[in-house]
Amino acid sequence: MRMQNSAKSTNAPADLRAWLAYLAERGKLAIAREGIALTDELAAIAKRLERDSAVLFPRPDGHEIPVIANLFAGRDWVADSIGVTEDQLLPRFLAAASNPLPTREVPDGPVQEVVHDDVDLLRQLPVPKHNERDSGPYITAGLLIARNPRTGVQNVSIHRCQVSSRNRIGVLLLPRHTFSYYRLAEELGQALEIAIVIGAHPALLLASQAIAALDEDEMAIAGALLGSPVDVVKCRTNSVRVPAHAEIVIEGRILQGVREPEGPFGEFPQYYGPRANREVIEVDAITHRAAPIFHTIVGGGFEHLILGGVPREATLLQHLRRSFPSVLDVRLTRGGTCRYHLAIKMDKTNDGEPKNVMMCAFGAHYDIKQVVVVDKDVDISSSEEIEWAVATRFQADRDLMVVAGALGSKLDPTTDDGIGAKMGLDATAPVRASELAFKRIRVKGEEDVDLTTALQADPGAAVARLLAEARM
Ligand code: MN
């Protein structure tokens with residue numbers, strides 16, 4: 001394990017291996033028996049443990065490279081991975097996004113210890129098949145790094161990557177930054193050079209999901225999250241720079257003018273993204289550490305949801321607070337797939353203000369379908385608490401807002417090709433309610449009870465004694 005330089009300002013683990021060691025020390029790294037099947041079985045075990053622990057699969061299907069799943073099994077894990085407390089997670093992410101730390105190029109790194117020029121993806125890498133109706137094995141936790149072919153500025157994003165043959169990958173490119181660079185390369189008459197990085201530091205995965213502008217390098221956001229620049233090396237077969245301390249890199253090109261079938265694939269709304277003709281990556285080389293670890297994310301699983309959710313929350317919080325300083329915190333709820341349903345906690349000073357806040361949230365991201373605004377005494381990390389606020393502080397004829405025919409998520413199967421409704425619920429108490437009307441009950445001293453002194457150490461003996469006494 002390598003230690004980062006002394007300028008490192010956070011307590012974050014230094015790389016994927018340090019993160020795994022951190023989890024192991026805390027009993028949060030399960031080890032599967034050897035030889036778990038890459039098709040279905042590996043994902044089934046990972047899914048069962050998705051809220052409890054990371055899990056390492058040695059020799060999956062006999063493959064010598066182990067697979068790791070569930071790098072984040074809780075929202076607090078995301079905070080731990082960048083060395084902050086959970087309440088500092090969103091502020092820290094926002095600070096990193098606005099003060100990025102550029103990468104540092106180094107001549108070589110462990111990620112290139114082994115080089116395969118003769119590529120055979122499924123022989124060289126243990127790629128699992130995850131959800132039942134997925135078309136086959138998918139690389140799901142790969143950071144796709146592309147370079148602006150004119151300027152060399154890099155972009156990092158995660159795409160679902162279907163292994164289609166020995167050296168071809170079907171990839172879903174939404175109309176975002178990778179696609180913009182692909183178009184630029186097309187104008188120059190070139191394929192787009194890319195790399196897929198597997199087994200990177202958790203901060204890189206998180207940074208890849210930042211809502212950054214085109215030509216803002218997400219690896220620089222990762223550097224800021226970690227408090228020291230990410231060391232990068234140049235790929236062997238193209239000019240893309242990849243993290244020197246990652247586990248595995250697939251080097252290749254997104255071909256111009258080629259489309260091949262990709263999908264179906266199980267996605268975050270808990271439905272399958274359909275099969276269609278999509279862009280194709282031709283792989284030129286695979287490099288990896290001498291004994292690498294392959295990271296996989298179960299499509300639609302908790303890790304998938306939380307990884308997209310936290311960076312979106314940070315962006316939404318920043319957007320809302322610009323107009324409404326009374327907004328304290330936001331949460332994209334798990335039931336809302338960490339994309340569609342937003343809970344907002346605010347310290348309201350005027351009635352009606354929650355409706356303004358809702359409109360701002362709907363405008364902030366088209367994925368937001370439902371907003372519930374609650375007071376500062378409600379724990380928005382708990383769906384039960386949010387429901388309680390709706391049950392006791394909301395009346396549908398007065399506090400409900402519905403907007404018809406707005407743009408939503410195309411992956412929401414109830415929309416008409418993305419066109420759908422927005423719903424806002426004001427579940428805050430009126431500002432001028434009488435003091436006791438909306439005061440939550442509590443039992444005085446509950447939080448201070450020390451059960452080790454309040455209860456008897458040997459309840460069995462005590463019960464026997466009480467029963468014996470009662471008989472007399
Ligand atoms: Mn980007």
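Predicted model: local features only at pLDDT ≥ 70, side-chain atom pairs only at ≥ 80, totals over all residues.

User: How many cavities of 30 Å³ or more does a search of the whole structure find?

Analyst: The search finds two cavities of 30 Å³ or more, and the second largest cavity holds about 50 Å³ of space.

User: Which residues line the second largest cavity?

Analyst: Its lining is made of Ala-46, Lys-47, Glu-50, Asn-70, Ile-297, Val-298, Gly-301, Phe-302, Glu-303 and His-304. Two elements, helix H2 (41-48) and helix H9 (302-323), each give two or more residues to that lining, and the largest share, three residues, comes from H9.

User: And what is the lining like by class?

Analyst: By class, the lining of the second largest cavity has four nonpolar residues, together with three polar and three charged ones.

User: Switching topic, what is the strand order in the open sheet of four strands?

Analyst: The order is E1-E2-E3-E18, and the pairing is mixed.

User: Why is one side of E1 and of E18 left without a neighbour in the sheet?

Analyst: Strand E1 (29-31) and strand E18 (294-295) stand at the edges and have a single partner strand each, so one side of each has no neighbour in the sheet.

User: How does E18 join E3, then?

Analyst: Strand E3 (residues 67-69) and E18 run parallel and are joined by two bridges; Ile-68 has His-295 in E18 as its bridge partner.

User: Where does H2 pack?

Analyst: Helix H2 packs on the sheet, where it touches strand E2 (54-57) and E3, and its direction makes about 155 degrees with that of E2.

How values were computed:
Residues numbered from 1 in each chain as written. Heavy atoms only, no water. 1 Å grid on protein atoms, 1.4 Å probe; cavity = no way out; pocket = protein on both sides within 12 Å on 5 of 7 lines; lining within 4 Å. Points joined across faces, edges and corners; volume = space filled by probe spheres on them. Nonpolar A, V, L, I, M, F, W, Y, C, P; charged D, E, K, R; others polar. Pairing = 2+ DSSP bridges. Contact = heavy atoms within 4.5 Å. Axes fitted to C-alpha atoms, helices over the stretch in contact; angles between N-to-C directions.
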